[in-house]
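I'd like to walk you through one model, so please have the sequence and the structure open while I talk.

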Amino acid sequence: MLSPTPLCLFCALLLCLPLAVIITITSPTTTVHDGSGHNPVPDLDPPPKTQQRFSSKPLPLPLHDDDSLFRVASRVNSKLPPGSPKKIAFLFLTISPLPFAPLWELYFNQTPKDLFNVYVHADPSYPYDPPFSGVFAHRVIPSKPALRFTPTLASAARRLLAHALLHDRSNYMFVLLSASCIPIHSFDFTYKTLTRSKKSFIEILNNEVGSYDRWAARGKDSMLPEVTLENFRIGSQFWSLTRKHAKLVVRDKVVWAKFNQPCVVWDTCYPEENYFPTLIHMRDPRGAVPATLTHVDWNGSFDGHPRMYVESEIGPQLISRLRKDEPRYGDDGTNGSDSPATKQRRGFPFLFARKFSPESIQPLLRIANAVVFKD
């Protein structure tokens, strides 16, 4: 048998090199699951540690460019897949760790996994140590810094909506929550309240004190002509949007372009409290119940923050009082009457509450099953 010459060996190596490159590029990616046991999705390489320090990799949607993300999300199917149960997408927007994660763990662990999804937008400038775990592991979407008095908080909420729309067609209602939010009803009660509604729950208030200052925060005429003062609305940052309205938000360019401008008067700049109610009011006011289902107490507020409940206040009486309070309803065609029929249409309960101090977690855990999750 003839021995191969060096020239033949070199030619064989050149012929094999393209095949090796193809095999390397097309090797399968790892997968993570969404928590329901279904719909595995491809994982991403973790971001550099200097930018985002999470133990878990972000949700695998390689759309770090917002324009591309919103463009793709706006094209998703509006209808739920046939035979699939409606899901609630819980959207956690945080710039810190989640001190009430153990309470949320109890909340979700008593629930079938095919009824909800969890998504987290976590400001990458914060060192999350310990990192997200349990039901929050692998639920961090590609995130960007989110700062008060800028459009970045509203941008983060829009980003959460886009990822939730793309991730699961069964997501029916999209609930925005903060790190200081807690549930004040069982999951079953919350699920039935939200999935039986065909409307969003978002506070839409007109003629509020300071409306003009907020509208003009980017400059006297910067919102014109698209957003007039007459169409400008104020509302809670925390809402529950239907799939229809989630798509409306990610598809919107015209109204968002106005709110995405930097403010020249920073202390009246709250895009996260103005953009969403203004957009829904302008595009589909009849598709929303103009109230938030997240309780907040502005008595004793400080520096633009609501009252914070501390550890010594936590008990059955507080939970009962929060439940008995009634949401404030906006005046977009719903406040013209106090008839029994009108009151019945407004009879929605608070499902969540804020703002709680991190030290409140232990007393909350002690009363979770006997009080918080008992309807």
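Predicted model: local features only at pLDDT ≥ 70, side-chain atom pairs only at ≥ 80, totals over all residues.

The chain has 13 helices and 11 strands. Now look at the contacts between residues at least 6 apart in sequence: 81% of them join residues at least 24 apart.

Let's go to the aromatic rings. How many aromatic pairs does a search of the whole structure find? It finds 29. A ring pair is described by the distance of the centres and the angle of the planes.

Start with F100 and F356. Their ring centres are 6.4 Å apart and their planes stand at 80 degrees, so this pair is edge-to-face. The cut-off behind that name is an angle over 60 degrees. F100 sits in the loop between strand 3 (87-94) and helix 3 (101-109), while F356 sits in the loop between strand 11 (352-353) and helix 12 (361-366), so the pair ties together parts that are 256 residues apart in sequence. F100 and F356 are both buried.

F356 has another partner, Y309. Here the ring centres are 5.0 Å apart and the planes are at 35 degrees, so the pair of Y309 and F356 is tilted. Y309 comes from the loop between strand 10 (294-295) and helix 10 (316-324), and F356 from the loop between strand 11 and helix 12, so this pair ties together parts 47 residues apart in sequence. Y309 is buried, as is F356.

There is also a cluster linked by ring pairs. Its members are F90, F92, W104, Y107, F108, F116, F136, F187, Y191, F352 and F373.

K86 lies over the face of Y172, 4.2 Å from the ring centre. Over the ring of Y119 you'll find the charged end of R139, at 5.7 Å from the centre.

Is S170 buried or exposed? With 5% relative accessibility, S170 counts as buried. If we leave aside neighbours within four places in sequence, S170 is in contact with L80, P81, S84, P85, K86 and K87.

On to helix packing. Two packed helices are described by the angle between their axes and the distance between the axes. Take helix 4 (residues 152-167) and helix 9 (residues 271-283): their axes come within 8 Å and cross at roughly 50 degrees. Helix 4 and helix 9 are therefore oblique to each other, and their crossing is right-handed. Which residues meet there? From helix 4 we have L153, A154, A157 and R158, and from helix 9 we have P271, E272, Y275 and F276.

Helix 4 comes up again with helix 2 (residues 66-73). The buried residues of helix 2 are D66, S68, L69, F70 and A73, and they pack against helix 4 and helix 7 (243-251).

Last topic: the backbone. Most residues other than glycine have a negative phi, and most peptide bonds are trans. Here are some exceptions to look up on your screens.

- L224 and P225 are joined by a cis peptide bond, with omega about 0 degrees. P225 is in the loop between helix 6 (211-215) and strand 8 (240-242).
- The peptide bond from R354 to K355 is cis as well, with omega near 20 degrees. K355 is in the loop between strand 11 and helix 12.
- H138 has a positive phi, near 65 degrees. H138 lies in the loop between strand 4 (116-122) and helix 4, and it is partly exposed, with a relative accessible area of 34%.
- N207 is not a glycine, yet its phi is positive, about 55 degrees. N207 sits in the loop between strand 7 (200-201) and helix 6, and it is exposed at 66% relative accessible area.

Definitions and conventions: Residues numbered from 1 in each chain as written. Heavy atoms only, no water. Phe/Tyr/Trp six-rings, centres within 6.5 Å; stacked < 30°, edge-to-face > 60°. Helix = DSSP H or I, 4+ residues; strand = E, 2+ residues; numbered from the N terminus. Buried < 20%, exposed > 50% of the residue type's maximum accessible area, 1.4 Å probe, protein only. Lys NZ or Arg CZ within 6 Å of the ring centre and 35° of its normal. Axes fitted to C-alpha atoms, helices over the stretch in contact; angles between N-to-C directions. Parallel < 35°, antiparallel > 145°, perpendicular 65-115°, else oblique. Left-handed = near helix turned anticlockwise from the far one by under 90°. Contact = heavy atoms within 4.5 Å.
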